[in-house]
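Student: I have a model open and want to go through its packing. Can we take it one question at a time?

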Amino acid sequence: MKYIGEHLLPGQFGQFFLVLSLVASLVAMIAYFKSTNSRDLATAESWKKIGRFSFGIDIFSVFAIFGIIFFIISNHYFEYYYSWNHSDKSLEPKFLLSSIWEGQEGSFLLWAFWQAVLGLILMKTAKKWEAPVMTVMSFAQVTLATMLLGLYIFDLKIGNNPFMLTRHAFQDLPVFNRADYLSLPRFQDGNGLNQLLQNYWMVIHPPILFLGFASTIVPFAYAVAGLWKKDYSSWSKDLLPWSLFSAAILGLGIMMGAKWAYESLNFGGYWAWDPVENASLVPWLLLVAGIHTNIIFNSTGHSLRATYLFYILSFLLVLYSTYLTRSGDLQETSVHAFVNEGMNWQLRAFVFVFLVPSLILFAIRFKGIPNIQKEENTWSREFWMFIGSLVLFLSSLAIIVPTSFPIFNKVFGTNLAIGAEPEFAYNRIQVFVAIIIGILTAVTQYLKYKNTGKEQVRKKLLLPTVISLAISAAISIFGGITYDKFGIGFLIAIHVAIFASVYSVVANAGYIWSGLNGKLKAAGASVGHMGFALFLIGVLISSAKKEVLSINYLNPLNFGSDAKEKGVENLTLFQGVKTDMGKYWATYVRDTSAENGKYMYFHILMERKDNKDSFVLYPDLIKNTKGQEGFSNNPDSRHYLHKDIFSYISYADKMQEGEDTAQYKSINVNAKDTLFYSAGFMILDSVGLNLSNDRAQFTRNDTAVVARLTVVPFNSKKKIVAHPYLLIKNNEIIQVPDTIISQGLAVKLNRLSDGKRFEMGVKESNRLTPFVALKVLQFPMINLVWIGTVIMIFGFVMSMFRRIKLL
């Protein structure tokens, strides 16, 4: 059958480049492998030229695939399943780009894209290490290319093809028996981009993060190359700039994800020890540990074995995090995880084809790796740098082991669990890591390699120690940090960690001034340490002093016993009603919609009771995509230098779709009788003809029977007057109800029942009352988290450029 309106040519080109990429990377791997093992220089160079040419073809193919997918998505060719499933016509251009990496295929392609770029640079700069390093890089490109094949060998699926047609994805649907299926309404638009990804951070966070992931293969490749060629140490200085670059980019990518979570998710923060967050953090910790042992080796000859181990493990754990994210095993415990797409065997193979050979090679060559038997002096810089690296290694174990509990449970049938307070399970260990790392980064740079005079160190550290004690004591005494939810011991640990972090900032600033004589070009390490310490101070204070401002004991909503949200932490705001919120008055002013109701923005006026400040918050709700009902919430924050006021909508009456099904309940009453409703009572004061009031719309020629009711809510001393009435106009009786918005209440006068009795209609419904449940939190000193991150990354970059100049 010839289908009408399909654009098959882009997909055919895409299929061609997919195969070409696989073949070219495979040829490049073989050629570089031959070049590495060849003993004849001319033969080695000949194979190397073939490897370069083949890898160049792979680079072109990967770029072409990326371009074709973007062309298909941006032109809304919904005959392609990837375009239909990950985009729609309402998306802004920047989010069309995000649609590429929403799916597994696109994220693997992004990884291959960056690896191709890094390979191109390595071909120009790796010199004698080009052949073995590019063998590893080419092999990685082969494995990534298989992720995009979409082939079946018998019942075995190899990869997901981004150029698969929609009619092939749903072959059994009768709709595809029609040649004009694209003209049907369901194919006039796509399934959409996940609502949580429609944020500008998700345009830049994934590319940076995947560049970080891809870059970890460079230290891994050099380590494998050194073991392979039995040239155990000559690569260490060449590699150091690459390792610093990788740590900078991966760290930046992780913290961009934290910023996205802070701005887009509603768990009230930037880090939740989510399994996928953890899995990305652990490789970074090991990479930083490897950088420090690498520096130790370059300066003293110690710690080369540890350097090999850390560099190998950092990349292997990137692969493991890929498995955790994409296998579907964490989809119930992580907002970041993909669903299971039937590729688990291939994802496991992806890990094992690198894990097994590299660890076996490391074990075989272990004894041959140079190792100085004499132990380091405890008053030497290298000793404490190694201790710091070891602490980072143990920290990574303390994170990755409990993160892997779902995998252990699935494989071994166990029932391991982190506990009722998963965040505390991690924090109670990592707070001590912060203490140790803070003190080590403060003190270690004052030590010299091999040995240092004790008295000299004491004199240099005296002033930074005194200043740090004074600053941290002031923070502890006057900062109001009284977080005792998990006992006095944990609170003490927080205060000690604050001292250690302040100590690191002050001591590193002092070292730049005294130890380096103000030479900033050589101060990359100190700048990086200061940034990390500022980051820790921000984390400790913003977490320990995080305060819920929207406390509500008056009229809390019931979210359910199993819900994450608590009614007492969400202020119920009725539109136009100024509501008490501690130091603030909060008013739900109005709401506006955008993009045909896709977004609902809520205008929340916040006014300080002392009249020193007022501002408007704009938290919004975005309609769920991909066939899901309901809405997701996007927070909004008011940023100050010393704090953030963070808010999001937990619930709104406008989240309910469909018509209001509540019915009026008829009640017969006399004048002065009392009628009860769920939140208070009403008194029928009087009923009369043509009584004047603000809302009755009738003329002298009309006849109106007007009731006057006094509404008394249980939770308020303020009484409300309602005037429902019957309007007799043109021989027709019209019932005109009155609505008390703040109570979700409507009352109407149905008729005269008999004699002096009247039939009233009473309806209660939350659909009558525009309201929101608003959660507001205060994060003190949260800007230190972001400022510290930027300074730390800047320190990595400074060190990278200095190491490049020293080559």
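Student: Is Val706 buried or exposed?

Tutor: This is a predicted model, where local features need pLDDT of at least 70, side-chain atom pairs count only at pLDDT 80 or more, and totals for chains, interfaces and linings use all residues. Residues are numbered from 1 along each chain as its sequence is written, and side-chain values use heavy atoms, with hydrogens and water left out. Buried means under 20% relative accessible area, exposed over 50%, and partly exposed in between (1.4 Å probe, protein chains only). Val706 has 0% relative accessibility, so Val706 is buried.

Student: Which strand holds Val706?

Tutor: Strands (E, at least two residues) and helices (H or I, at least four) are DSSP runs, numbered from the N terminus. Val706 falls within residues 703-713, which is strand E16.

Student: What separates the C-alpha atoms of Val706 and Leu689?

Tutor: Along the chain, Val706 and Leu689 are 17 residues apart.

Student: Which charged residue lines the largest cavity?

Tutor: Asp, Glu, Lys and Arg count as charged; Ala, Val, Leu, Ile, Met, Phe, Trp, Tyr, Cys and Pro as nonpolar; the others, Gly among them, as polar. The lining has eight nonpolar, two polar and one charged residues. Its members include Leu18, Ser21, Gln141 and the charged one, Asp58.

Student: Which element gives the largest share of the lining of the second largest cavity?

Tutor: That lining includes Ile69, Tyr80 and Phe163. H2 and helix H3 (81-86) each give two or more residues. The largest share, three residues, comes from H2.

Student: Which residues in H20 meet H11?

Tutor: The axes of H11 (residues 275-300) and H20 (residues 783-806) come within 14 Å and cross at roughly 40°; axes are lines fitted to C-alpha atoms, for helices over the stretch in contact, with angles from 0 to 180 degrees between N-to-C directions. Contact means heavy atoms within 4.5 Å. Trp284, Val288, Ile291 and Ile295 of H11 meet Met792, Phe796 and Arg803.

Conventions
On a 1 Å grid over the protein atoms alone, a cavity is a set of points where a 1.4 Å probe fits but cannot get out, and a pocket is an open set with protein on both sides within 12 Å along at least five of seven lines; lining residues have an atom within 4 Å of a point.
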